[in-house]
Structures are given as C-alpha cells and as structure tokens.
Amino acid sequence: MNREYILSIINDLILTIGRENKLQPLLVKILQRLMFHTTYPTGLILLDAKTDSEGTKATLVASIGDRGLQGKINEVITIPPALLNSCQIENLPQDALIDLLPATSRHYRCALRLSLNQYGIILLLSPEPPTINLPFAQMFQPVLAHLHQSIELCRQSERYQQSLLAARDEARAELAATHIAIEKERTLLRNIQAAIPDPVWTKDLNGTFLSCNQAFERLFGITEAELVGKNDYHFFSAERAEFFRQKDHEAIIADKTCINEEWALSGDGRSILLETSKTPMRDAQGNLLGVVGVGRDITQSRKMQNALYERREIYSAIVEQTADSIGLVDANTGQFLEFNSAAHQHLGYSREEFAQMSVADIDASFSIDELQARLELLSNSNATDFEARHRTKNGEIIDVLVSARPITVHGRRCLASIWSNITHQKRTEEQLRKLSMAVEQSPGSIVITDLNGNIEYVNEAFVRITGWQRNEVIGQNPRVLKSDLTPAATYDAMWATLTEGHTWSGEFINRRKDGSVYNELARIAPIRQPDGQITHYLATKEDITELKRVQTELELHRDHLEELVAKRAAQITELNTQLQQRAEEAEAATQAKSQFLANMSHEIRTPMNSIIGLSHLALGTELTAQQRDYLQKIKGAGEHLLAIINEILDFSKIEAGKLHLEQTPFVLSHLMQEVTDLVEQKAKAKNLMLEIEISEQIPQHLVGDPLRLKQILLNYASNAIKFTDTGHITLRVTMPHMNTEAVQLRFSVQDTGIGLTPEQQQRLFQSFQQADASTTRKYGGTGLGLAISQRLAELMGGEVGVESIYGQGSTFWFTVLLAPATLSSTTADMLLSPSLSRAADDSAVFKHLTEQTVSIKNKSNPTITDSIALETTLQQLRVLLSEYDLEAAALFRNQREYLETIFPGQLTLLADAIAAFEFDDALFLLAKLQVNRIEQPS
C-alpha cells in the first residue's frame, strides 16, 4: 500500500468526524468508514465500561453486521476484561472474545480493538483474518485522537443545545402569556361593542369607516370587513352621504355629543329613520381621531306615533257613535269634562246644558257627602263596575250600570265612565229570579236544552249530583254524562217520543264528572211557546243508585291504575339512564380509538422513515443483484406501509379535530406539475397518457395549503392509474366563482378505467370503504384515502363528488376556497424561477443533481428585498420536517442554492441532518438559523 492511499483513508476518516456534531450519528458513521477501510464485516462501539463483582460491562451504542447484537443497542452487555487492559490499537486472540460470543449471532476468530481512552472502545470483528494488510496502529492513532476530541465536543454541544432549548421554551412561554393578555383586552372590547343592541360605528377625520359592531352589520347587511376602509359615498347617494358628513363635522366642531334624525337605507332595502348620537373620538393624549356614532332605529316608533294619532281619531268616532253613555269626570268636583252624544241625549239634555252639569246633578242614589266619598273611593281603586240610579231631565228615575276607571289627564285626576240603562233588564231579572228560586231549590236535577239537545240551564241539584259546574256544561250536550252503559234502544225511544211532542219517562245509566257511574230516573217534556211551537226540552231527574259503594269501587280501581302508571314510568326512567350511559361509553370509546391511532401511527412512522432512508442510502452503494433486489423490496414495502400509516394518522387527526391547515402562497401550475411528476412513472409503466388542463381565467398565485391540495390530487390520480389499464388520465382545474376575497376552484381527475355502478358510488367517501370488497384483494388499499380527501376538502370550504359510468371511466372532483395572493414582482419572479420550481427543471438533469454532491461556487450574496418567498420556502420545509415526510429532503435539495444566498456557509449541519433523516434535529437547526438571521444587524 502506498503512502497516498493510507493518507486518503486517514483524511476520509477525519472528514467524516468533522461533518457530524451529534454523538450517535458520529459514532455510527465512523464505525461504517472503519469497517469499509479495514474490511472487517462486523463492528461494535462500547462506551462507559465499568468493572464490578459481576464482571466487566459496557453500553453498546452502535452495532453493524451482527443481528444478535443489533437488538441490544443502548443496552449494557458483558465484555471480555481483556478489551480494557490496554489503550493501544491491537488485534485480539480468539480466546479474548469468549465472553462476548454468547451475545452474537456469528463465530469470530479475529478482532481489532481501537481504544477511545476513558470513553470506551471500538471493536472490529471477523470470522477470518482480513485480506488487507495495513499498519492500523499508525494509521488510526491520529484518527482516534480527533474522534476523542469530537466525542467531547458532541457532548458539550448536546449540553449547550439543552440549555438553548430551555431558554427557547421560557421565551415562548413569556410570549404566549403576552399574547393571551392582549387577546383578552381585545376580546373584552369586542364583547362590549357586540353587547350594545344598537348599531355602533367609528370613522376617522376623513369619514372613512374604522369599525362597526354586529348590530350595524345586521341592520345594513354588510360585514365589518366590507365596511372598513370605505366611506358613506360607497353605500349611499351623494346627497345622503354629504348630509351624514355634515352631521359628523357638526359634532366635531361642537366638541360634544350631537343628536340627529337621519334617514338611511337598510341592508334589505328598507328606508329607515335613525336617531343618531355622534361624539368626537380622541386618543389618550386628547388628539382628535374621528367620530364614534350610535344609532337607534326609530322607524317603528315614529310609525306608532302616527298610527296613534289616527287611532285617536278612530276612537273618537267610535265613542261618538256608540249607544252607551261615555263621559270623563273630574274626580274632585264630579264635573263632566268630555262626553258623547248618548250621555246627554239619554237623559234629555242638550250638549250645552250637559257641559255645565256634574254627577251630583243626575245622581239619584247618594247625598252630596256620600257622592263625594264615592268619587274619592273610585279614584283610588282599579276599574270598578257598580249599579246606580240617574234622574232624567223630566224627573224619571232610571237604573244604570256604571263602569268607572281612574285615569290621569295632564296631571288631573279623572274618572273614565261608561253607563247604560238597565231599567228594563232589572225588571225582567226580578221575574226570572222568582222562577229561578223555585227551580234551584228543587231536590232533583233539572236540565233545560234547546231542540238540538244543547244545555242552556242546570240547577244546583244537577251540579251537586253530577259534579259538573254550570259553566262547564252550558252549551254542551247531555252526552257529557253518557257512560255507554245505557242501551241504544233507550235513546231511540226517547227521541221518537220527543219528536212527536210527547213526554218521555225512562232510566239512564250516566257517568259523573269524577268517572263514577250512577242510575237516573228521568222525565223529559217539551216546552211550548204561546203559539204552540216547541223551543226547548225540560228534564227532571232523580239519582237512584247506591253512590257510596260505587264510589269506593271506582276509587280502588283508580289507585290501581296510578300504581301501574308509576311503575311503568320508573321502568322508562331506568331505560333512559342506561341508554345515556351507553351513549357516553360509545363516545369515550371513539375518542380513545382516535387517540390510540394517532399515537401508534406516529410511533411507527418515525422508524419507518429511517428504514426507507437507510434503504435508499444502501441502494447507492456497491451491491450484488440479489442484495439490490432485497433492498428495493424493503424500500417499496416500507413506502407502502408508510403511506398506509400516513393515511391512518391523517384520519385520526381529522377525527380528533387536530388537523390544522396552512395558509401559504403557492403557484397553481407548479403544484399541478409536481403532482404529475410524482405519478408520471406509474402512468408510463401502464402506457397511460397523462394530461393537465388549467383554465386561463384562474390566477396562478394563490394562498392556501398546497400540501393538502397535493394530497387529495395524488389520491385521486393514484386511484385513476390503479383502476385504468388503457387510455388517458386528465387533471383539470376550473374556476366556478371568484371575487376580491376568495377564489373557488374545482379540481377533477378524469380516467378511462373500470368505472363505478350507482350502488358503488353510494359507498364511496366513507371510512374503510371501497367500491367493491374484491378490489381490495386485487388492487390493495385501506379505504381511507377518499374519506380523508372528503374531510380535507370540507376543511378548505369545499366538497367532493364523483361522476362515473360503469365500464367507461370516472371523474372524481373536489372544490376548495382559496385566497388570491398579493405578491410583489420580486416574489413572483422568485416563485416562478427555476431554482424554486422542480417542474421547470429537466427531469434527467434534476435526477442527477439530487443524487450527487454538488459544489457551489462562491457568489456574492444578493440583497433580498422581498421576504415572502423565503418565508414560503422555510414554512414548507418546517411542515414536511414536522410530519417526518421524505419530501423534505427533495425540497431542501431543490432550494439549497437559493438558501445558500440567505445563509452562506451555514447549511452544512442542516444538510447532514436531513440526509441522515434526523428530522427532529433538522427542525432545531432550521429554527436556530432563523433566530441567528433575525438577530444579525441589517
């Protein structure tokens, strides 16, 4: 071996040590390089060796080439004491390995020991003597010295990182507390403004709206976002807007609150009258800022005032035309203040004569003193009805019914009185009273009905026997007493007899109001008018049952029914309690399932990324055909399993409500090209034509979550390729709707595949469901992709759907709401530049550049005047790293040349971490770079 070769080996090992600042990766990489140069097939690194009564033990921190020891990483294992007897680089005899052999899966005859001084040892093992003959003792001595220093630096770096993390967490906590305090103050102000039921708004000195509350939004049909930054001329006519501005200026000039009445147009097109209160608005230093306005809709109250005036006119006409006497009386003097025509005409006086009279002039019931006391009593009570006697102009005494109510008119106590002549009524009532007394005192029930059987009168005996009150049965048919126990023939005979004008006698089995059954002996006769016409029927009835016995039996029966009802109610209550408990248990089980899936998917995905990454690295080394085949199968199976785990994790995040969407700028054409790049090889493998159609009206620069959009499109496109054997696949984007605030896009993927039946379409977009169970066996899949796509589309303000004809193909589509991006020319150029778009690169050149180490010539750092592109790139990289997504490596390689202009000479550690798939470390290094950049002086 020549000197140059030995020096190249030493240089390679020292460079490997210098590239890593993390202890575990450093030891693994140096072990790999040592095994490569010495040709030893197995290597171990043991640290922190200790000897006690049980023997010599050390911690196994790295193992390559021995499956038996691979599973003991970071465990304490027993080692031969001979391994610690020297600090030299030396080969060990076979018997020195006797204690280590039980833990290995192979038989070793040769060992090379490399001492790390107080830290531990590196042990290289081989079943046969190595074919290469090198002076390892001379070669590796400087390498081990560098390695010893690097180990110490790594441990110091780890301690320093821990201190930085603690400081970062403390700073974040303080910042979060500050944000919470500010947000509380903002929320308090917004809540106070929202709690005001009247519209509230603020304007600056130029009349531009600054804010408004929810009442303002409801009244004028405009949101605060639409209002702010505009003035009255945007919403009202020039004349009306000028009027509002004038009122604003009047309040500012007066430097006080001004009350105005202003007509405006509401959001639903109504013309409304507002009573506005406009007040100058000043800051804490007293500087004039603008005007704050509060409005109250008085349209209805003004209409009510007008309606009240019209109603007064109507009431005046009604009062004047009514037949009853109506008058307004002074409660102190009894003087008539107002009255209608009936008041003076019924007593025989003219209006002029009655206007000079008082209650004392017409009252015939009380003396002067009694009348005065009566007026005082009425003025201090509520509305009162009473009978009185009035004297007419010709001296006749009439009976009147008076209704009096005290009121106050302009501070004057008055009585509003209505009275009517009841003289004839009282005479008739006297005659009826005598007849009623005879009927009421009858011991038997007496009932009077009309010809249709409707009850018009019952006596006290009826009430006592049946339990029905008069007001309950008047107007009712005697069927209210029917028990359904009286034979129908009895009623037929009764009506036949009464219809002929004869008296009928018979027996009824009736039911009281309380439900008890009793027997009645009844006699019913027609009542004839003087002209012989029959107008009513009179029934006299007598109770002939043993009431007490029947009531006792019925009471027992009712108690039994109540007991049954109570028992049934208790059973229903118990069933409801059980149902509620089961519902809560089901909800808890659902939440536990989602949490379990999220935790397990994350725990599995981290090592799976390492498996895929290491497989990728191994494929780049010299391998036999069989080894390459095995590694490709491992990598393919790992990527398939990782895709399934990602779907489960996304689904569990959505179920648990923990999935958050990003809002970052992106270029639509680049996103679509990235999707086609990812599925292009699969399409070519099946000879399928892949097409993209984007409507020309769609703006290219948008704001949204490009990763989630790409996730849905990849799911649709992958399914299309999977279920299509011949033909083409088209990715299409159209724009159904657009305004200044949002853009609605419709993405669709059309294929010429197997298609779907209507029944199969009904089962799509459901969790763990596919169109046909047989497709799972033939094509694979979890059935979660479409369900996740639906949830993501809904989170982005859209929906999903499918249009398909069985045997001819399908079109899967979804809609989203995105915001149009406002970008400077610098940012737009950067987003469209080849360094930021993988779609613009030639595929062969791109593949070569991403797989090889590229040397970048020193360049002068350009001045970055627009930070939007940088923040977009860093945000995308942070998201991919936090989700352990392998696309992070591809994105970093694409953007590295651009990032070098921002962070010159600072990306080596970050690149190494991403290349080793240490995404947690990469996240920390990325954050550190951003902090250092912010702290640097401009």
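Q: Before we start, what counts as buried here?
A: Buried means under 20% relative accessible area. Keep in mind that this is a predicted model.

Q: Fine. Why is strand E7 called largely enclosed by the rest of the structure?
A: E7 covers residues 200-204, and four of its five residues are buried, so the rest of the structure largely encloses it.

Q: Which strands does E7 pair with, and how many bridges are there?
A: Five bridges join E7 to strand E11, residues 288-297. Three join E7 to strand E8, residues 209-212. E7 runs antiparallel to E11 and also to E8.

Q: How many residues sit between E7 and E8 in the hairpin?
A: Four. Gly207 is in that turn, with a positive phi of about 85°.

Q: Zoom out. What's the strand order in the sheet?
A: E8-E7-E11-E10-E9, an open sheet with antiparallel pairing. E8 and E9 (258-265) are the edge strands, each pairing on one side only. Neighbouring strands are turned by 30° against each other on average, direction ignored.

Q: Which strands does helix H7 lie across?
A: H7, residues 238-254, lies across E7, E9, E10 and E11. It runs at about 165° to E9.

Q: And what does H8 touch?
A: H8 packs on the sheet and touches E9, E10 and E11. Its direction makes about 130° with that of E10.

Q: New topic: which residues form the nonpolar surface patch?
A: Ile314, Tyr315 and Ile318, with about 330 Å² of accessible area together. Ile318 is in H8, residues 299-321.

Definitions and conventions:
Residues are numbered from 1 along each chain as its sequence is written. This is a predicted model: local features need pLDDT of at least 70, side-chain atom pairs count only at pLDDT 80 or more; totals for chains, interfaces and linings use all residues. Side-chain values use heavy atoms; hydrogens and water are left out. Patches are made of residues with over 30% relative accessible area and no salt bridge: like charges are joined within 9 Å, nonpolar side chains (Val, Leu, Ile, Met, Phe, Trp, Tyr) within 5 Å. Accessible areas come from the Shrake-Rupley method with a 1.4 Å probe; for residues, only the protein chains shown count as cover. A salt bridge is a side-chain nitrogen of Lys or Arg within 4 Å of a carboxyl oxygen of Asp or Glu. Helices (H or I, at least four residues) and strands (E, at least two) are DSSP runs, numbered from the N terminus. Buried means under 20% relative accessible area, exposed over 50%, partly exposed in between (1.4 Å probe, protein chains only). Two strands pair if DSSP finds at least two bridges between them. Axes are lines fitted to C-alpha atoms, for helices over the stretch in contact, and angles run from 0 to 180 degrees between N-to-C directions. Contact means heavy atoms within 4.5 Å.
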